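Hello,

Here is the structure I promised to pass on to you.

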Amino acid sequence: MTSFEVTKQGAAGGSSIAHAVGQAGATERPPELQRGLTQRQLTMMTIGGAIGVGLFLGSSLTIRLAGPGVILSYIFSAVIAVIVAYSIAEMAVVHPVAGSFGVYARTYLNDWSGFAVRATYAFVQIIAIGAEVTAVAIYFFMWFPSVPQWIWVASVSTGLIAINAMQVGKFAEFEYWFAIIKVIAIVAFILLGLGLIFGLGPMHALGFSNLTSHGGFLPHGMKGVWLAMTLTLTSYMGVEIIGVTAGEAVQPETTIPRAMRTVSLRLILFYVLSMIVMLSITPWDRMGSGITGSPFVLTFAAAGVPFAGSIMNLVVITAALSSANTNLYLTARTLFSLSRDGYAGKALGHLGQNGVPYFALFASTSGMVAAILLAIFAPGRAFLLLYGVAVAGMFFVWIVILLAHLAFRRSIGHARVALLPIRLPFSPYLQSIALSGLAVIAISTFYVDGLQYSVLSFSVFLLVVTAFYWTLSRRNRGKLQDRSECNLVMPQGD
């Protein structure tokens, strides 16, 4: 392995971000995150974070928008997701640091984008944590209707904090088993569904007639397919997790590429095959809502699986716990990165003896509690508005990742790109396609019920973040010019 030096002038302060690995020891640096995440754990963390309870419930807005054509929505969304995934993987093996795409944006674009993308990501994850933990309490209500919801919220939150406070390897092992339950449920659903479709069991073959006999495969035309992408795209939002975990990955130059290839393939197969099975078994215009109306429950029941409803309730509880657990981890590491760059209090950048940023973790939970309270007590439209901001926020995060990757490619040059262990082909054309797709999909939210104000609301949020950034930059101009550096590690050719 060798390293090279890059000097990047930030647009905001013109600070230099450069040094060669091995030369940084001239000045004393604070302790860094410990590298304890294996490829196996990285893979399941990413899958766990990307697959939420919506897939299991099967009554999402996407099916109503596109009918069976939602299968195409998932395929088209997968193309954009894979482009983003490979873009971030390239940068992660060169920059295996905490802060991930926030550091990449700061290094290759400008200081503002590095701050804004991390602030946005932390906000999005906080909203997601609140939604998932609140969902867990609702699912427990099915079994224990007499127990107040706040008891489950408090209990689950305490448990997740305790898990995240563990050394990163132990935390990842918990998350591995959380995520594996989701994977087993999806695989079982696909296999049982295919058995029903092809008549491998005692019942007659259902076939694929439900994909075309209720208004056709495209009951709402390609317009419905495109509008559904405003939500199907969010199903893949989680592939960026591998970048966030790069600072704690064991041998990131090998584990990250392997994990990324595995994750991309599995996510596409899980989502696309699940939707094909789901819509083949149950007509799209007769989809139920809630746990007992889920196509997963209907499939298990049709295959003779006893207690299908209770089994799926356990699965969605585990799915929500897995997502909330991973999101809490991501938020803590994002705040830790902002602190190390001088954009948040120094306490948030402090590490415990086991390598966990405790103060950043506790700060993340305070935001989680606020989101939970809002979800419980605020009117439904208020929480939906926040969710819309989160959706638009993730579009912004992916756009910044792609722009940073284009600048990254230009900076390191073709010779060094050829040495990367994982590479995005057809660059810069694929990044341009993904950027155009994200921009048009973001505009399309104006035509989706519940998301009409997503972009506008996020624009207000981004203005607040920008104002905070400029205020902080003027106040701490001298301090921000001497912040953490970005290591660049490149494999050396023969």
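Below is what turned up in a search for salt bridges.

Please keep in mind that this is a predicted model. Across the whole structure, the search finds four salt bridges.

Let me start with Arg 40, which pairs with Glu 173; their closest N and O atoms are 2.9 Å apart.

Next comes Glu 90, whose salt bridge with Arg 409 has its closest N and O atoms 2.6 Å apart. Because Glu 90 belongs to helix α4 (residues 70-94) and Arg 409 to helix α15 (residues 380-417), the pair ties together parts that are 319 residues apart in sequence. Glu 90 is buried, at 0% relative accessibility, and Arg 409 also counts as buried, at 16%.

Then there is Asp 341, which meets Arg 118 in a salt bridge of 2.8 Å, N to O. Asp 341 lies in the loop between α13 (308-340) and α14 (358-377), while Arg 118 is part of helix α6 (residues 111-141), so parts 223 residues apart in sequence are tied together here. Asp 341 is buried at 1% relative accessibility, and Arg 118 is buried at 1% too. Arg 106 joins in as well: Arg 106, Arg 118 and Asp 341 are linked in a network of salt bridges.

Notes. Residues are numbered from 1 along each chain as its sequence is written. This is a predicted model: local features need pLDDT of at least 70, side-chain atom pairs count only at pLDDT 80 or more; totals for chains, interfaces and linings use all residues. Side-chain values use heavy atoms; hydrogens and water are left out. A salt bridge is a side-chain nitrogen of Lys or Arg within 4 Å of a carboxyl oxygen of Asp or Glu. Helices (H or I, at least four residues) and strands (E, at least two) are DSSP runs, numbered from the N terminus. Buried means under 20% relative accessible area, exposed over 50%, partly exposed in between (1.4 Å probe, protein chains only).
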